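Here's a friendly tour for anyone meeting this structure for the first time. Have a look at the sequence and the model, then read on.

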Amino acid sequence: MNYRSINYFLVSILVIVLYFTIPFYNNWLYLKVLNNSFLEEAGDLDEGNRNMKRFGYSYSVFSDVQKLLNNDKSVLMLLPPNDYVKEKKVGDLVIPEPAVFYYFTGLKSVTANSQEAKRANWALLAIGPSNVIVKQMEYVPSPDSLIKAYKKYKK
């Protein structure tokens with residue numbers, strides 16, 4: 001047997017143990033890793049259920065949008081800014097950046113500050129408390145004023 005490799009293994013274990021004795025990393029270990037119920041998570045391996053637990057209301061809205069538009073590749077969604085959504089008091093909805101929205105839905109999207117905003121053919125509209133709708137831009141009364149209103153909330 002190679003005693004040198006055993007010694008390296010023991011030293012690496014010691015380094016890991018010492019690393020997690022530092023209070024910051026020890027708190028992270030207990031809050032993020034050891035606090036989870038592994039048996040509960042192992043019983044529910046469906047990706048949709050895990051995303052629903054992790055992202056909550058936002059994920060349910062995005063999955064409803066995906067089901068509604070059925071992965072239509074011609075969709076370019078105009079997303080509202082988060083400050084606008086907060087002002088409208090739409091629950092715990094957090095609007096992600098377009099890349100994350102694409103990850104959740106498979107649909108392309110833009111923000112109001114994008115040069116492509118005028119090409120958007122669908123809009124995610126925050127109407128009021130817990131009320132979010134998806135509407136085609138041709139049925140939005142004045143798309144330019146909507147983009148202008150969204151731009152006020154962008155920093």
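## Before we start

Helices (H or I, at least four residues) and strands (E, at least two) are DSSP runs, numbered from the N terminus. This is a predicted model, so local features need pLDDT of at least 70 and side-chain atom pairs count only at pLDDT 80 or more, while totals for chains, interfaces and linings use all residues. Residues are numbered from 1 along each chain as its sequence is written, and side-chain values use heavy atoms, with hydrogens and water left out.

K89 sits in the loop between α6 and α7. Its phi is positive, about 60 degrees, although K89 is not a glycine. Most residues other than glycine have a negative phi. K89 is exposed, at 59% relative accessible area; exposed means over 50%, buried under 20%, and partly exposed in between (1.4 Å probe, protein chains only).

## The inside

Which residues have the most contacts inside the largest nonpolar core? They are M77, L78 and L146, in a core of 32 residues. A nonpolar core here is a set of buried Ala, Val, Leu, Ile, Met, Phe, Trp, Tyr and Cys residues joined through side-chain atoms within 4.5 Å. At least two core residues come from each of α5 (57-69), β1 (76-78), α6 (82-87), α7 (98-105), β3 (122-128) and α8 (143-153). In soluble globular proteins, nonpolar side chains tend to be buried together.

Take L78: not counting residues up to four places away in sequence, its contacts (heavy atoms within 4.5 Å) include V110, W122, L146 and Y150. S58, found in helix α5, is buried too, with a relative accessible area of 6%. Leaving aside neighbours within four places in sequence, S58 is in contact with D92, L93 and V94.

F101, F104 and T105 are the buried residues of α7. They lie on the same side of α7 because they cover an arc of only 80 degrees around the axis, taken from the directions from the helix axis to the C-beta atoms. Their cover includes α4 (47-55), α5, β1 and β2 (108-110).

On the face turned away from that buried side, α7 carries the exposed residues A99 and Y103. After α7 comes G106, with a positive phi near 80 degrees.

## Strand β4

I133 is found in strand β4 (residues 131-136) and counts as partly exposed, at 31% relative accessibility. I133 and A123 are 10 residues apart in sequence and 8.3 Å apart in space, C-alpha to C-alpha. Leaving aside neighbours within four places in sequence, I133 touches A123, L124, L125 and I127.

## Charged pairs

How many salt bridges does a search of the whole structure find? There are two, a salt bridge being a side-chain nitrogen of Lys or Arg within 4 Å of a carboxyl oxygen of Asp or Glu. E116 pairs with R119, their closest N and O atoms being 2.1 Å apart. E116 is partly exposed at 33% relative accessible area, whereas R119 is exposed at 58%.

In the other bridge, D144 pairs with K118, with the closest N and O atoms 3.4 Å apart. D144 lies in helix α8 and K118 in the loop between β2 and β3, so this pair ties together parts that are 26 residues apart in sequence. K118 is exposed, with a relative accessible area of 65%.
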